[in-house]
Amino acid sequence: MKIFYTTIFLFLVVPAFLSAQTAARIEQLLETQAVDYEKAAQLVLEAAGITDYTGQDEAFNYAHEQGWLPKNAAPDGEASLAGVSLLIMRSFRMRGGIMYTIFSNPHYAYRELAYREVIQGRATANMAVSGEFLLFMVNRLLYLKEEGLL
């Protein structure tokens, strides 16, 4: 039942910021247990309105060149929550607390998003990010920005 409501919610809200996405791609993301950095980069950059690339591999390359991904991130590598947090913080040009400002690394990006309640529930910085959780985080971030809470 949870998947049903999540799917309905995502099909109603996600198209607002992912207009070029097909239902099949969103469904594929929902079924993915652990997204790779290519898929994460493409989704997050599209949500942030960054269009300086044309496909999944170009999105990864762009994000990597900008320094928005962990140094050891591989395109087909399993995306960690800390790595995705860094990608989100930098691609949305979010300011962080003092520790993120000083070190600006994945760990403090994760802590900043947890503090801002973009990351909710039981989570650790090194856990793999499922497609459903990635969609939830991006949607939550966009909601908070729209409401002026970020």
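Contact here means heavy atoms within 4.5 Å, and helices are DSSP runs of H or I with at least four residues, numbered from the N terminus, while strands are E runs of at least two.

Welcome to a quick tour of this predicted model, in which local features need pLDDT of at least 70, side-chain atom pairs count only at pLDDT 80 or more, and totals for chains, interfaces and linings use all residues. Residues are numbered from 1 along each chain as its sequence is written, and side-chain values use heavy atoms, with hydrogens and water left out.

Let's begin with the pair H2 and H3. Arg 25, Gln 28 and Leu 29 in H2 meet Lys 39, Gln 42, Leu 43 and Glu 46 in H3. By class, the residues of this contact divide as follows:

| Class | Residues in the contact of H2 with H3 |
|---|---|
| Nonpolar (Ala, Val, Leu, Ile, Met, Phe, Trp, Tyr, Cys, Pro) | two |
| Polar (the others, Gly among them) | two |
| Charged (Asp, Glu, Lys, Arg) | three |

How do the two helices lie? The axes (lines fitted to C-alpha atoms over the stretch in contact, with angles from 0 to 180 degrees between N-to-C directions) of H2 (residues 23-31) and H3 (residues 37-47) come within 12 Å and cross at roughly 125 degrees. That makes H2 oblique to H3, since angles under 35 degrees count as roughly parallel, over 145 as roughly antiparallel, 65 to 115 as roughly perpendicular and the rest as oblique.

Stepping back, the protein chain has eight helices and zero strands. Of its 150 residues, 47% are buried, meaning under 20% relative accessible area with a 1.4 Å probe, protein chains only.

Definitions and conventions:
Buried < 20%, exposed > 50% of the residue type's maximum accessible area, 1.4 Å probe, protein only.
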